[in-house]
Each structure stands twice: as C-alpha cells, then as structure tokens.
Amino acid sequence: MLPPIMDPFFYLLGKAVFVVAAGVLAAALVGAALIAYSFKTGHFFMARIMLISVSLLESLIKSIFRTFRADDAIVDDVGVKLRNYINAEKFEAVPMDERAIFIPQCLRSVDCPAKLTPEGLRCVNCGRCEVGPAKIFAEDLGYRFFLAPGSSVIKRMIKKYRPRAIVGVGCPMEIKEGLELCQGHDIPAIGVPLLTNGCVSTTLDWGRFYEVISDRRAAAPPREEEAEIGIFSRM
C-alpha cells in the first residue's frame, strides 16, 4: 500500500493524463474534419494546421475515418496534395537546372532495353513508352532526370547532386515517404501520383506531369483558406 500522502499526486497525474488524451483526441477530430472538408470541397482551410495533424496524428485520424466507415486512403491523398500546396512556392523559386525528377521504373515498357547503372536505369529513348520523351523534355528544361528502381538510388542521388527541389512520381505511399524524406533534407518537393499502381506497366497522367515540371499554374497562389486542392490533383 502506498502512503495516503501520495493520493493527491496520483489524482493530479490521472487528471493530467485525461486532459492530454482529450486534447489529442480533439486535435485528431479537428484534423479529420478538415481533411474530410478538403476532400469533399476541393479547398484547403488552415493548411499548416492540417499538415501538423496529418504528420503527428495520422494513425489516430485514420482510425477516426474507419470508425465512420470512410476510406482512410483519403488521409494519404489529401496529405500529398496538402504538402504539394505548401511546397509549391518554394519549389517554383528554385531554377529548373537545380531540380531533379525521380520516375519509378514501373512506368517503363516491359520490353525496356535500359541498363541499370549506379544512377538508376539509363533510358535510351527507344520509343516503347513515354519515359523517353519525358526525359528529353525535362532535361531540355534543365532538370536532372532519374529512372529509379528503388529508394536507395533516390537517396544516393540526393546526396551526390544535392538538388534544391524535386519532383517525385509514384504510388501514394511512395510519394508520402518521398515528401517526408525531402522535408528532412529541407528540399521542397512536388509529388505526382500514378493513375494505376503496381510493379509493372503502371500509368501516369503525363499531361499533369508536364504541367508540374513546367511550372504552369496561377502566377499568384490563392489565399490559404481558398486554395483549391485541384491545383495538384490528377486531371
């Protein structure tokens, strides 16, 4: 038995734990509501607060979505678009010749003759897929272009070339991890999601890809509370 003098301490401790738990739950509910609002309306509201919620309370927010029988993939989808929106201004301030593009190897043709090198697959522009023309277009703008077979190549190329901005293509989970990696290196990045996922013969909205790397968007970004998610959504 603990001495009675400890009772007030444990009472205050229990009360503090309850208050903290209630605060975390309330923050997660607000974050879930903001994400649902953004997904439904196509607008961001309190974007940076949403980003903090997604970053710190992702698992809890996804649990809230599942509790209400909503697809928790919405959290990842909105999270990518949210990071794109927040990163856009800094991204566009970086000259194109100081940017890099990382394309997943699953976009290439199943008959691709590209050879693996220390810097990823070396596209020879054989005309069997859209990767070759995209590489030529991007490099003409000044980008470094990498056809990456895995995350190890991406990390190695970031360390070697130190790009100041990055465009990453991939499935939602890969983009999410890539944007977090870039954030850790203080590199503004834009993610362009694949239209179909998988290990081979995936598809991409190439028109959207070209828009992103060409900086074709409104010259003055809208106010945060009025920013449309559609700016970075698949077209």
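This is a predicted model: local features need pLDDT of at least 70, side-chain atom pairs count only at pLDDT 80 or more; totals for chains, interfaces and linings use all residues.
Residues are numbered from 1 along each chain as its sequence is written, and side-chain values use heavy atoms, with hydrogens and water left out.

Val 24 is found in helix α1, where helices (H or I, at least four residues) and strands (E, at least two) are DSSP runs numbered from the N terminus. Together with Val 20, Leu 25, Leu 29 and Leu 60, Val 24 forms a nonpolar patch on the surface, with about 380 Å² of accessible area in total. Accessible areas come from the Shrake-Rupley method with a 1.4 Å probe, and for residues only the protein chains shown count as cover. Patches are made of residues with over 30% relative accessible area and no salt bridge; like charges are joined within 9 Å, and nonpolar side chains (Val, Leu, Ile, Met, Phe, Trp, Tyr) within 5 Å. A salt bridge is a side-chain nitrogen of Lys or Arg within 4 Å of a carboxyl oxygen of Asp or Glu. Helix α1 (residues 7-41) gives the most to this patch, with four residues.

Helix α5 (residues 151-161) shows a buried side, with Val 153, Met 157 and Ile 158 as its buried residues. Seen down the axis of α5, these residues fall within an arc of 135 degrees, so they line one face of the helix; the arc is that of the directions from the helix axis to the C-beta atoms. Their cover includes β1 (99-104), β3, β4 (144-148), β5 (165-170) and α6 (172-184). Met 157 has a relative accessible area of 2%. Leaving aside residues up to four places away in sequence, Met 157 touches Phe 102, Pro 118, Glu 119, Phe 146, Arg 162 and Pro 163, a contact being heavy atoms within 4.5 Å. Between Met 157 and Phe 102 lie 55 residues of sequence separation and a C-alpha to C-alpha distance of 9.7 Å.

Positive phi values form the next topic. Most residues other than glycine have a negative phi. Just after α5, Arg 162 takes a positive phi of about 50 degrees. Asn 125, which is not a glycine, has a positive phi of about 55 degrees; Asn 125 is found in the loop between β3 (120-122) and α4 (131-141) and is partly exposed, at 37% relative accessible area. For Ser 201, phi is positive and near 50 degrees. Ser 201 belongs to the loop between β6 (189-193) and α7 (206-213), and its relative accessible area of 44% makes it partly exposed.

The cysteines remain. The structure holds zero disulfides, a disulfide being a pair of cysteine sulfur atoms within 2.5 Å. For Cys 112, the nearest cysteine sulfur is that of Cys 126, 5.8 Å away. For Cys 199, the nearest is that of Cys 106, 7.7 Å away. Cys 112 is partly exposed, with a relative accessible area of 21%, and Cys 199 is exposed, with 65%.

Key: Buried means under 20% relative accessible area, exposed over 50%, partly exposed in between (1.4 Å probe, protein chains only).
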